[in-house]
Amino acid sequence: MAEKTIQIEIKRQSGPDASSTWEKFEIPWKPGMNVISAMMEIAANPVNASGQETTPIAYDSNCLEEICGSCAMVINGKARMACSALVDKLEQPIRVQPLTKFPVVRDLAVDRSVLFENLKAVQAWVPVDGTYDLGSGPRVFPQQQEVAYPLSNCISCCCCMEVCPQFNDATGFVGAATIAQVKLFNSHPSGKVLKEERLRALAGDGGVQECGFAQNCVQACPKQLPLTEAISDITRDVTLQVAKDFLRA
Amino acid sequence: MAAPKIIVVGGGLAGLAAVIKIAEAGGNVDLFSIVPVKRSHSVCAQGGINAAKDLKGEGDTTWKHFDDTIYGGDFLANQTPVKAMCEAAPAIIDLLDRMGVPFNRTPEGLLDFRRFGGTLYQRTAFAGATTGQQLLYALDEQVRRHESEGKVKKYEGWEFLSAVLDSNGVARGICAMNLRTMEVTTFAADAIIIATGGIGAIFGKSTNSVVCTGSAQAALYQQGAYYANGEFIQVHPTAIPGEDKLRLMSESARGEGGRVWVPRTVGDKRAAKAIPETERWYFLEEWYPKYGNLVPRDVATRAIHKVVYEHGLGIDGQPMVYLDLTHIDRATLNRKLEGILEIYQKFVGDDPREVPMKIFPGMHYTMGGLWVDFNQMTNIPGVFAAGEAEYQYHGANRLGANSLMSCIYGGFQTGPNAIAYAKALKAAPGDGGHAQELARQNDLNKQLVSSSGKENPFRIWRELGETMTKNVTVIRHNKNIQQADEKIVELMERYRNINLSDKSQWANTSFAFTRQLYNMLQISRVVAQGARLRDESRGAHYKPEFPDRNDEKFLKTTKASFAPDANEPRFEFEAVDTQHIPPRPRRYDAAS
């Protein structure tokens, strides 16, 4: 009996300015396989379905347990993490392509540095006085921790931005991930010292007003962040801040 | 004089901790990382971070933390730095709390703590079961703040290839490769800090991330740095076997009451829930009544091996045992362990709140690493090391939740030490060795691209992983270790006939991997031969032929140095600092 195989098609592009082509592969099936292990198999035997020698696939990955946020790609039309995309649960041929809203580096690897720039713009940190010993931190009740913790689980994979119809060059929208981090730091007992500055950074073009409430983000998020709730809370806070600033002026 | 220039390689907890201290002290720091630092392997740490804050009224002290750590490490760690770490730990937890880490809380709003392996105290602070992720993010945010103020420059997507050494053998910078343009460049620095994590990749599949190849440490070892205690490799008792990697199932599952068991009858085909209590064997609780499921990892791992391979009691005849949480209510599980339960559910398909998990030991942590002095400096002047990449805090076995502390503490020590060293540094002779090192690395790359053999690097790597896992992990026999070493020599021969199927000069990940592979082979020999030489059993290193600890001969740090002409390691042994706690037998089964 022939060995059981899987069919996988990968959209390839040799560099940022190169044109893309789909390449088909047929590789041996193994129990518990995910999209990453399929690509590891291709690297160990770089031959495509037509029997031609090819090159290993370029892709981002690191932890392989859906916590580092590296391996986001579009698999069978859905933005998701490749490590948790189990082959047995996917329709074949499995079609894998890079995220579409970010510049392609090569094959499935994309440049998502825009998110890290956005986090700088909203000062997504607690501005501690220093790292020397200043005694214990503020008291935080379990109820507050239970609000903060899910927001702090964002892995910066950018799936929420990929699926958002408003995340594009025309709007310059920051996307849900950044807004959720604003909520996180604005609710921290000492992080809130920068609250007004963060809200002002989200007012105007590219800020919270760009959200069109498609709610795709919350469905795509692999860590189930309460993104739409964060957006509506921060939209309210931004509106209040704008009004306050207007009255002060 | 201008502010000293420091290069930090690696953006996990240790690297980021060092960067923060340097930036705070007014130093000028460049941070190099293969991946965006927020995606570093520290995110994978789950269960928590140890500090004897004694918020549970148990009478815990930093001395007890120190004693547990030394005893858990089977007395191989130098005691003075470990003592200092345990004393600094409570204030570090406070600092992390101030930075906004969402630690779990008590009803009064204080930090909650849980129990971990190798201690009888609730000493582990935690943020759900994703503590490493939360700590890494806190430090990442502080570094981003310094970056936005112009104090830190990040080089993400760069791979460290080697140190630049001047004609006196003093570090003057690094040589690194841009992983997009594949261009090799040298960068000047007054001191460099290596914080590049563990070496899991030499075992093929492990709980480590893809970047944990040990390539940087191995490169420095080949440039003259000592590599210490390489043979001490932690195999975590509870991992989820997988096709691409072994996924960690945190010790916190047992810290929160999880129980390890197998059916008492060989070949019992019933579903776990259908097996009555009386027909289950809770072997850890039976063998180790005092510590129960929370014995140190090496002890639990060997027990699981024994039950599976000697008693033949693996589930369904497979190398697996149950880790059972189903007796704990769902709300508690979700509040304290949700992150890891989700991992199991996503990758295995069963809900561990309903069905006992199936787990097996997997390679997890590198106790050994670059040899450093008490100031965290290697024997190469100007090259410092911190975190899992160095050897100094865990001896022969690391206790759970001590790694996050050792990374942050080590980074905090190393940053200021590197600045102090750099301030006293004299000017480099000539160009500091930059031109020569650049030429050497470019030559290596040219050789690799022009190599036209038949060997696929990924297949050589698989064979390396299988050999190392089979012969140099839980149970070690000299004959098998010897064979593993011979196999590595064969793989190094075959490496000379490597064929890069991708010779392009843009974002060539297999090219970068092939360079790492050579270093993996070199460091694998250090691990294997170190294990071969240590004829005793201590911590994670277990030889049935030599089942006892032998302090007279082996209460010593193994130090490997590279012999360039022979292209293999040489070994020497160094006395261990035991000035605070006299070594005593390590007996977790005993009542006392």
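Student: In what order do the four strands of the open sheet in chain B run, and is the pairing parallel or antiparallel?

Tutor: Strands of a sheet pair through backbone hydrogen bonds, in either a parallel or an antiparallel way. In this predicted model, the open sheet of chain B has the order E18-E11-E20-E21, with antiparallel pairing.

Student: Which are the edge strands?

Tutor: Look for strands that pair on one side only; here they are strand E18 (369-370) and strand E21 (568-575) of chain B. E18(B) is joined by two bridges to strand E11 (residues 227-228) of chain B, and the two run antiparallel. Within E18(B), Gly369(B) is the bridge partner of Ala228(B).

Student: Which helix packs on the sheet?

Tutor: H14(B) does, touching E11, strand E20 (556-563) and E21 of chain B. The direction of H14(B) makes about 50° with that of E21(B).

Student: How many residues does each chain bring to the contact between chain A and chain B?

Tutor: The size of an interface is often given as the accessible area lost when the parts come together. Here we count residues: 57 from chain B and 57 from chain A. Among the helices of chain B that each supply at least two residues to its side are helix H1 (13-24), helix H4 (131-148) and helix H14 (509-533). H4(B) gives the most, with eight residues. By class, the chain B side has 20 nonpolar, 17 polar and 20 charged residues.

Student: Into which domains is chain A divided?

Tutor: Domain 1 (5-110) and domain 2 (113-248). Their C-alpha centres lie 31 Å apart. The contact between them takes 13 residues from domain 1 of chain A and 11 residues from domain 2 of chain A.

Notes
Residues numbered from 1 in each chain as written. Chains lettered and ligands numbered in written order. Predicted model: local features only at pLDDT ≥ 70, side-chain atom pairs only at ≥ 80, totals over all residues. Contact = placed C-beta atoms within 7 Å. Nonpolar A, V, L, I, M, F, W, Y, C, P; charged D, E, K, R; others polar. Domains from an automatic or database assignment. Pairing = 2+ DSSP bridges. Axes fitted to C-alpha atoms, helices over the stretch in contact; angles between N-to-C directions.
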